[in-house]
Amino acid sequence: MAAADSPSAALRRDLCSRGIRLAGKMRADVVDLLDAYVEQQGLDASASVAAVEGVPLAAVERWDEQTGTQRLLENLAAYRAFRALLAQMLEEQREQLGEAEAGLGRALAALLLQVSAFAYHLEELLRLENRGIPGEEEEEEDGPPPPPRLSLFEQKLRGLGVLRELAQWAVRSVRDLRQLAKPSPATAAAPGLAESP
Amino acid sequence: DSHIQYERVGADVTMKCGSMDWDAAVTWTANGTDIDESHLNGSYLILKNVDLSQSGQYSCYEGSSWHLKYQTQLRVGTPPKEPVLMCRSNNYPKGFYCSWHLPTPTYIPNYFNISVIHGTKDMVCEKDAIPKNRCHIKYLQLFSTVKYKVTLTVTNALGKNFTTLTFDEFAIVKPDPPESVVAKPVPNNPRRLEVSWQNPSSWPDPESFPLKFFLRYRPLILDQWQHVELSDGTSHTITDAYAGKEYIIQVAAKDNDIGTWSDWSVAVHATPWTEEPKHLTTEAQITETTSASTSSFMAPPTTKICDKGAVVGSGAMAVCWTAGLVVAAYSILFI
């Protein structure tokens with residue numbers, strides 16, 4: 001148990017705890033935003049949205065076998081993508097909507113902040129793991145090469161897909177950080193479920 | 001040749017005696033008992049509006065030789081109604097199970113077939129040996145937004161039916177109730193009860209997938225429950241119990257982040273610690289006591305002996321009227 005008492009282990013546990021709280025709050029806010037989004041965009045809450053290009057899927061196979069580093073890297077890539085997607089949604093909202101939907105815009109902006117903060121938090125954890133932080137793609141002022149302009153309805157559906165997937169990621173991130181917070185051997189291999197008490 | 005014949009309740013059934021001609025002389029029996037000729041049309045046996053009690057073995061014998069010409073098992077039943085299907089994950093994130101039953105019996109054998117689709121992928125639901133009407137699936141993916149679609153088809157000789165359930169991964173997560181719930185009084189604390197429990201043994205990884213708990217308690221004499229939600233730990237001290245009252249206590253569990261609450265645990269009973277009852281005295285009693293020379297009522301040293309005439313009850317339960325009134329007033333104060 002000596003490793004568990006080391007300053008870096010304590011810091012890691014602390015970062016994981018804070019990250020878990022951040023992700024938990026983020027999830028609660030996404031769920032609330034989803035309800036408002038569906039209502040204000042006139043969508044059917046039960047509508048199936050096909051996987052949208054560019055939206056990172058939370059679904060993962062053999063989740064329990066992932067290493068701590070894998071978890072962090074996948075989370076970081078996802079939240080960076082969500083940061084760009086939410087920024088795009090926010091811009092679209094501002095173009096489309098009038099004052100009536102200003103609340104939705106504010107909620108999106110607040111969520112974008114949380115996503116950015118969480119991405120930064122993940123970078124901190126990666127630094128602690130002594131892993132290099134992958135660079136982000138070079139961005140032009142307007143973001144990555146813009147996809148073909150979607151119709152208003154397609155934008156709404158994509159927005160639904162983004163928020164749904166973000167809600168899943170928020171739950172996954174909480175689980176990932178809990179795995180990370182467990183005392184583990186120096187090889188940073190995450191314990192599988194079979195090893196749990 | 002022996003056959004099995006399935007017929008619906010209320011149907012009219014005609015049985016032929018194998019290859020015998022219509023006008024052949026035959027005898028029909030049902031479970032070994034001769035059937036009256038009034039049920040025959042030539043050599044055909046006619047059963048109108050059959051009911052469940054008419055299930056059994058029917059045999060046809062040639063009249064003169066008494067050779068068995070035909071035999072059949074008649075099974076009267078009904079086609080299946082829409083089955084009831086339920087899916088649940090009580091061992092998240094390992095997998096989930098589905099179980100089913102028919103709302104009403106059919107009285108004949110039924111066959112169940114279950115299919116599980118996740119997106120475009122067919123999944124195999126492994127049937128459990130016990131109970132028979134259950135199968136389980138291991139999750140191949142976690143955190144998927146793609147819904148699962150489970151279709152259960154039930155077929156018997158008289159018809160078929162089916163039902164479909166569609167759900168997402170998180171919605172069906174429902175742990176089993178907490179186990180080993182124990183409630184104990186706290187010494188020298190008349191308003192406290194200490195409650196402890198354990199995670200359900202079916203929940204595979206409480207460290208990575210912690211549960212939160214809901215505790216409810218009430219005194220037996222009241223209908224209103226008190227509730228406490230606990231985000232961690234497997235124990236809680238109730239601090240507002242009514243002194244001396246027996247309590248009923250239950251606990252439920254839920255994954256910290258997803259799904260629904262478990263059913264309530266088995267109920268436990270406990271009564272808070274109470275002080276040894278002291279016998280209350282008044283000046284009048286002290287006066288009576290000091291003037292009495294003998295008493296057959298044995299009392300502890302702190303107890304003042306009542307005048308025999310003022311005693312209600314007998315033996316160890318004897319109390320003075322006045323003492324009884326004071327005790328009654330004291331008890332009402334604590335309800």
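This is a predicted model: local features need pLDDT of at least 70, side-chain atom pairs count only at pLDDT 80 or more; totals for chains, interfaces and linings use all residues.
**Exercise 1.** Find out what links Cys125(B) and Cys135(B), and which parts of chain B they tie together.

*Solution.* Start with the sulfur atoms: they are 1.9 Å apart. A disulfide needs the two sulfurs within 2.5 Å, and Cys125(B) and Cys135(B) do form one. Next, the angle about the S-S bond is 90 degrees, a right-handed link. Finally, locate the ends: Cys125(B) sits in the loop between strands E12 (121-123) and E13 (126-127), and Cys135(B) in strand E14 (residues 134-138), so the pair joins parts 10 residues apart in sequence.

**Exercise 2.** Work out the handedness of the disulfide between Cys17(B) and Cys60(B), and say whether each cysteine is buried or exposed.

*Solution.* The torsion about the S-S bond is about -105 degrees, so this disulfide is left-handed. Cys17(B) belongs to the loop between strands E2 (13-15) and E3 (26-30) of chain B, while Cys60(B) is in strand E7 (residues 56-62), so the bond ties together parts 43 residues apart in sequence. Now take burial, which means under 20% relative accessible area. Cys17(B) has 1%, so it counts as buried; Cys60(B), at 0%, is buried too.

**Exercise 3.** Describe the link between Cys87(B) and Cys98(B).

*Solution.* Their sulfurs lie 2.1 Å apart in a disulfide. With 105 degrees about the S-S bond, the link is right-handed. Cys87(B) is in strand E9 (residues 84-88) and Cys98(B) in strand E10 (residues 95-101) of chain B, so the pair ties together parts 11 residues apart in sequence. Cys87(B) is buried at 9% relative accessible area, and Cys98(B) is buried at 0%.

Notes. Residues are numbered from 1 along each chain as its sequence is written. Chains are lettered from A and ligands numbered from 1 in the order in which they are written. Side-chain values use heavy atoms; hydrogens and water are left out. Helices (H or I, at least four residues) and strands (E, at least two) are DSSP runs, numbered from the N terminus. Buried means under 20% relative accessible area, exposed over 50%, partly exposed in between (1.4 Å probe, protein chains only).
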